[in-house]
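Subject: Structure handover

Hello,

Here is the structure I promised to pass on. Please open it first, then read my notes below.

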Amino acid sequence: MLDSNKDSLKLEAMKRIVAMIARGKNASDLFPAVVKNVACKNIEVKKLVYVYLVRYAEEQQDLALLSISTFQRGLKDPNQLIRASALRVLSSIRVTIIVPIMMLAIKEAASDMSPYVRKTAAHAIPKLYSLDPEQKDQLIEVIEKLLADKTTLVAGSVVMAFEEVCPERIDLIHKNYRKLCNLLIDVEEWGQVVIINMLTRYARTQFLNPNVNESLLEESGEKAFYGSDDEEGKEEKAEAAALAKRKPYVMDPDHRLLLRNTKPLLQSRNAAVVMAVAQLYFHLAPKAEVGVIAKALVRLMRSHSEVQYVVLQNVATMTIKRRGMFEPYLKSFYIRSTDPTQIKILKLEVLTNLANETNISTILREFQTYIKSMDKDFVAATIQAIGRCATNIGEVRDTCLNGLVQLLSNRDELVVAESVVVIKKLLQMQPEQHSDIIKHMAKLTDNIQVPMARASILWLIGEYCEHVPKIAPDVLRKMAKTFTNEEDIVKLQIINLAAKLYLTNSKQTKLLTQYVLNLAKYDQNYDIRDRARFIRQLIVPTDKSGALSKYAKKLFLALKPAPVLESPFKDRDHFQLGSLSHLLNAKAGGYQELPDWPETAPDPSVRNVEVKDSVPEWTKCSSREKRKEKKVEKPFYSDSEEESGPTESADSESDSASGSGSGSESEESGSGSESEESREESESEQEDKEDEEDKRKKKKKTDRGKVKAPAVETTSGKIEESSGAEEKNRAQKVKGRRSGSESESEEEEESESESSRSESESESESESDTDAKKKKKAPVTKPPPKQAKKESKKEKKEMSLLDLDDFEPTPSPQVTPVNNFLSSSLVTDLEGLSLTDTVMAPTTIAPSGSVKTYELLHRITGEGLGVEYCFSRQPFSPDAHMVAVQIMFTNNTNAETKNLHVEDPKLQSGMRIKEFPEIELLPPGEMVTVVMGIDFCDSTQAANFQLCTHIRKFFVSIQPPVGELMMPVFMTENEFKKEQGEKKKLNPSYSIV
Amino acid sequence: MIHSLFLVNSSGDIFLEKHWKSVVSRSVCDYFFEAQERASEPENVPPVIPTPHHYLISVLRHRIYFVAVIQSEVPPLFVIEFLHRVVDTFQDYFGLCTEAAIKDNVVVVYELLEEMLDNGFPLATESNILKELIKPPTILRTVVNTITGSTNVGEQLPTGQLSVVPWRRTGVKYTNNEAYFDVVEEIDAIIDKSGSTITAEIQGVIDACVKLTGMPDLTLSFMNPRLLDDVSFHPCVRFKRWEAERILSFIPPDGNFRLLSYHVSSQNLVAIPVYVKHNITFREGSSQGRFELTLGPKQTMGKAVESVLVSSQLPRGVLNANLNASQGTYTFDPVTKLLTWDVGKINPQKLPSLKGSMSLQAGASKPDENPTIIIQFKIQQMAISGLKVNRLDMYGEKYKPFKGIKYMTKAGKFQTGMQRPHVSCVKA
C-alpha cells in the first residue's frame, strides 16, 4: 500500500505500521518502503513517517541517510514551523554519520530569526551530545549563545540543554542570571522547573548562607526602594561585594532577586513547579522566610496520590529541620482511611516529626484511632510512631507506655508483637520503674508467636533479670522446653537469657543453661552453634578459660545505651529536595550535588551585564547624556525619572497634571541658575555626576533609614516602597495646584521686583513659573489680583527674611491648610504652592542629610510670625517613640514676639506631644529653632495644637508625611552600603514615562 | 529526561509503548510487575521504583499504569505531573481514558505523545495547542475521514505555540459567545462518632468553559476574595493583579479549563451540611449484630442534599447484612465487606435510615464497632464557603457574551464514624 499513489492508502498503511510500533512489534523490515514516503505531501503521512524514522533509524543507519536530504531542504524553508520540525526530526535520528550535519544545522538554527526554531535548536543540543559527546565544546558555545537569548520560549529549553551537557560550567550563567530570574515567571512551566533547580545550585555557589548568623534581615524593609540609578549601581555593587565578606550577613541583591521572583510561582498549578520553588526556598532562603512554602505544599496534598507521595517525602525531610513551619497545618496531615498505605505511613512520619509538648496529646489521640484501622501495616507503623513520640518527648513517655501496655491485650497478634518491640525500646530508657510491665510481658511469651516480639521479651527479661528475679528462671525453663521449635532469632535470645541468668543466679539456672547450650550446640544454624560455644567458654568456669571469664559479668551485664529512635528522613536533606536522589535516598545517575555555601561570596560583579543587555527596564536611565537628550525632546518628564523616591513620582504626577508648571521647571533648570538652594531638579542638572551621586548617597542614607526603621511603622514603610501609593496621596493636592501655581507666581514676581534679589530661590522659581505662564499662555483660573497684591505688600519686607531662610537647610515654604481665616481661594493657592514646593525640594544639602521643610504658619497668616518645621530625622532623645520635629520660628514683624509656646493639643488617641520649652522672646528679624517630639503612633493623622504668642493663638497642625515617621536604627557604614547596593538592585527602576 | 513510556493495564499487560530516545526493552517493566505483586492494593505500588539501570516512575489512573522510564536524575514530580497531564489530554481527546479508548485511537495517541515530548522534554502540553496540531477524533470526523481519506492532523501549521498567549488558539470564532464558570467546592472532613469535627477544610475549584470569539480579556471579581486562603492559577491569570486587587484578570484558553483552585483553611469554621447517626453493636458470643444508621441535613441554607451515597467497610467478621433502607437501595459485598447505600436525595421531613441486623462468623471474637463511614453528596447552587462571584467583565472584544455561573458543593474526602478517644483515656 505504501507504494500506492493514493495518499489515503498510504495513510492507512502508515497507521497500521504505527499501531504495530505502539504494541512493541518489530516493523523494521518495512524501512525501505517507508523511507520513500518521507517527501510525501500529505502532512499526516509525513508525520507518521517521521515517527517511524525516529524509531528505527538507529537500527538501519544506511537507509536512514536517504531521508537526510529532505530534512536539509526543510531547514531552509521560509516557514519557521517547517524549519523547526525538520531540525527536530533530523536531530532525533540517531545516526552517527550525520553528526557534522546536525552540528551545522544546530548552529544555524541557534541564530535563526524565529525563537521557536531557536528553541528547537536548544532541544537538539542534548540529542547531539548523547550521540557524540566529543562535540561538547562546540555545543557549549551554542549553549552560551542561546543562554543569552532574551525570549521566554528559549530559556527553559536551553537551560535544560545546559543541565544535560555542561552542568559544571556554572560560569556561563553569571551573565544571564538576572535575565533568567526576571524571565522566570513567563517561561512555560516545565522550563520553570529546570531553571529553578539550576538556579538553586547556582545560588549555592555564589551567595552566602543567609542563616549563618542570627542577624536575619527583616523582610519588610527588604523590598526595593531605589533602583533607577544603574550607572552608579555598578560601582557600588562592586563595593558591596567587597564588603559582603565581612559580617554581619547582608543578602546579596541577586540572591534576593531570585527569592522574590520565584515566590509567585508557588501559586502555579503545576506541582513540579511548586515543589521546585519550595526546595529553592528551603535551601536558599533565610529561616524567617521559608515558612511561605508550607501552605503551597499542603495544597499539593490534595493532588493525586503519587504527587502526595513525593510531596510527603519532602515534607518529612523538611519537618525534621524546620518543624515550626508545618505545625499550623498539623491537621492537614491527619490520616484518612481511604489513603493508600504508603501515604498513610508517610503522613504518620510527618505527624511524628511535628509532635511536640503542646500538640502531643492531640496527636496521640489520633494515633489511638489509627490503631483500630484494618490496615495492619499501618497499625504497626503507628505503634512505632508512638514509640518515637515517647522517646522524643519525655513528658508523655509514661502515657505512651501505658497505652502500649494496654495494646498488649489487643486481640490482634501483630499489634501486640509490634507493641512489645516498641515497649522494649522504651523500657530500656528507664527500666527501674517498670518491673511490673516486664512481668506482664513475661506472661505473654505463652501467647505471642511473632518471633521478633518473643525475642524482644526474652532480651528484656535477660537484661533486667535482677528486677524480676523470680520469673526469669521460669521463663527460661519454658523456653528451654520449646527451644528446638523456635526461630533462630528467638534461639539466640534464649542463649543470651540463659547466659545472663547463669551469671546472676547460677544456683537456680545452672542446669538449665547447660541444657540450653547443649541443645544449641547441635543446632542446624551455625550462628547459633557458634554463639553457644562462645558463651560456654566465657561463662562456665573451666580450667582453661582464662582471663575473660572473670569479665563475663561485665561483658553481659554492661549498661546498654538506650536506642535512639530516629526518623528515617534524618539527614536526607543533603540531597537536593524534590530530586529523585532525595526520594530514593541514594544518588541517582546524573545527580548534581548541591554545593555547600561558600565561605566568602564570589565576586558578584560577574553577574553584571552591559546594562543594555539586561532587563529592559534597567537600560532606560543608564546614561546621563541620554537623559539630557531626552530632556531636550521632552522637557516635561525630565526629572521624573531621575530618582525613585516618593517625591519625584509625585513630582512627575503633578507635572503632568499642570503642564505649564513643569515646563517652566525644566526651563529654569536649563537656564542654569547657580543658587545652591534651588530645587533638586535644577540642582541635579547643574551639578556633575559625582555631586549628584554624592547627594544620592546621602539621600539613600536617609531613605534607607526610613525603610529600615520601622518594622512597626508599616504605613510609611509600605507606601515608600510603592511610590504609586504616594502618588495617590498627592493626587488630591494636585487639584489645587493649577490655580495655585498661577497666583503664586504673580505674587512672587512682584515681591521679587521689589526686593531685587536675583539668587533667591523664590525668585528663580517665580521667574520661571511666570515665564512659563507667559509663554504657554495657559492661564488657569486667575485669582483676584487684589488679594494677591495685598499679600505681596505684606511680603515686601519679609523678603529679606526669606533670604535668611535661604541659607537655612531647607528653603521651600509650605503651608498647611489651616489658615482658616484666609479666603478659600488663597488657601488653595497656598496649598498649591506648598505642593509645588514640597514636591520640588525633596533634598537639599542639609546638615542632617536632606530634609524637607514644611510651613506650619505662613508669615502672612501668622501676622508676621513665620513658622516652619521639618522632620530632622534625628532621634528624639527624651522618648524613642517620638519623632523629632524641628520648628523654626522667624519673626518677620517689627515688634518682638514673646512667650511662644504650645497650648491645647488636640490629638488622636494614643498620640503624644512633647512640647518645646517656651521661647521667651523673639526679636524682630531673628529666628530661633526648637525641637519638639511627637508620637504619631505610626499613623499619618495630624497633630493639632495651638501655637501661642503673647498676643495671639494660632491653630496649627503637623501632619507627618509618609516616610517621616521613623525610628533610629544603628547601622555601620558597611551595612549601610550593602543595604544600599541591594536596594538599587531590587527595584525595577522607574523608566521614562 | 523521560526515556520511554509504557502503558500497563490492570492485568499486567503492556499494551502501548513509546520511546523518545533509544529503545528501552520492555523487560524493564518486570521490576514494576514485581513491585505490583508485592503491593497489596493497586494504589500501593510505589510511584518511584529504582532498577539497576533505570528508574521507573508510574502513575495509576483509570486502572491503567503509566510507567515512565528515566535514566538519570530528574525531579520525580516533574515526571508525575507530566504523566497526569498526558492522561488529562487523553481524557480531553477521547472522553474517557480507558484501555479500549487508547487502543482504538492508537495513532492519535502516538501523534500526541510525539508532540508532547521532544527527546523526553515536554514540548507542548497545552490542550489548545495540541488540538490545533491534532484534531480530536469525533464520530463524524471518523466517518468523513474514512470516506474522503482526509486526516486528523491539522492542515495549517499551528501558530499558538509562537504567540505570547500560548494557551489560546488564534482565530477562534463562535456564533454564540458564552462563558460558563462552575464554582465547585469539596469538603474534606473527618468527623468523629459523636459528631464533632476533627478536621474540615474546603477545597474549591473554578472550572470554566469559555467559548468566546477572538481574544477576549476577562476579569472576574469576587464579593469576598478574602476567603481564599491559598490559590493556584491557570497560567493565564495575571498574578500581579491578583496580588494587588484580588481580581482575576486573564485571557482565557479556548474551551474547558481549570481557572483557579483554592483552599479555604481549616482555621475558618466549616459548616458541615450533613450529619450521620449510627449505632453498630455486636454482642459478645452471639452471631448477630445490630446496625442502625440515620442521615440528616444540617446547615444547608435551604438547599437540598442530593446524590447521597454512604459506604462503609464493615469488620471482617461480618458474614452478611440483612438491612432495611427507608429509601434508596443498599448493597453488601460479602467478599470485600463493603456496604454501600445509595440514598439519593435527603428529605428533611423524613430522614433516611438504614436498619437491620448483621450475621457474624460463628466463633469469631467481637469485631470493632466503629467502622469508618464515607459519605458522598452534592448540593447544587451553593458554595459552602460562601464564596460569591461579584462580576465578570470582558474587554477587548465588541460583542456581548452570555455569562453563567454555577455553584456546587460536594463531599470530598468526607469520613465519619471513627471514634476518637478523649485525651483522658490516653492518659489513663
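Which residue of chain A forms a salt bridge with Glu115(B)? The partner is Lys47(A), and the closest N and O atoms of the pair are 3.4 Å apart. Please keep in mind that this is a predicted model.

**Between the chains**

That pair belongs to a wider set. The count between chain B and chain A is 9 salt bridges. Polar contacts were counted too. Across the interface, 31 residue pairs are in polar contact, with both residues at pLDDT 80 or more.

Which element of chain B gives the largest share of the side that touches chain A? Helix α2 of chain B, residues 76–94, does, with 8 residues. By class, the side of chain B that touches chain A has 49 nonpolar, 25 polar and 25 charged residues.

Now the extent of the interface. Chain B puts 99 residues into the contact, and chain A puts in 94 residues. The area buried between the two chains is about 8,600 Å². Carbon and sulfur atoms give 58% of that area.

**Helix pairs in chain A**

Two pairs are worth a look.

Start with α5(A), residues 80–92, and α7(A), residues 115–131. Their axes come within 9 Å and cross at roughly 0°. The two helices are therefore roughly parallel to each other. On the α5(A) side, the residues that meet α7(A) include Leu81(A), Ala84(A) and Leu87(A). On the α7(A) side, Val117(A), Ala121(A) and Ala124(A) are among them. The contact divides into 7 nonpolar, 4 polar and 3 charged residues.

Next come α12(A), residues 189–206, and α15(A), residues 271–284. Here the axes come within 9 Å and cross at roughly 10°. That makes α12(A) roughly parallel to α15(A). From α12(A), the contact includes Val193(A), Ile196(A) and Arg204(A). From α15(A), it includes Val273(A), Val277(A) and Leu280(A). How does this contact split by class? It has 9 nonpolar, 5 polar and 2 charged residues.

Over to you.

Best wishes

How values were computed. Residues are numbered from 1 along each chain as its sequence is written. Chains are lettered from A and ligands numbered from 1 in the order in which they are written. This is a predicted model: local features need pLDDT of at least 70, side-chain atom pairs count only at pLDDT 80 or more; totals for chains, interfaces and linings use all residues. Side-chain values use heavy atoms; hydrogens and water are left out. Contact means heavy atoms within 4.5 Å. Buried area is the accessible area (1.4 Å probe) that two parts lose on being put together, summed over both. A salt bridge is a side-chain nitrogen of Lys or Arg within 4 Å of a carboxyl oxygen of Asp or Glu. A polar contact is a pair of N or O atoms within 3.5 Å; within protein, one must be able to donate a hydrogen and the other to accept it, and residues adjacent in sequence count only if both atoms are side-chain atoms. Helices (H or I, at least four residues) and strands (E, at least two) are DSSP runs, numbered from the N terminus. Ala, Val, Leu, Ile, Met, Phe, Trp, Tyr, Cys and Pro count as nonpolar, Asp, Glu, Lys and Arg as charged, and the others, Gly among them, as polar. Axes are lines fitted to C-alpha atoms, for helices over the stretch in contact, and angles run from 0 to 180 degrees between N-to-C directions. Angles under 35 degrees count as roughly parallel, over 145 as roughly antiparallel, 65 to 115 as roughly perpendicular and the rest as oblique.
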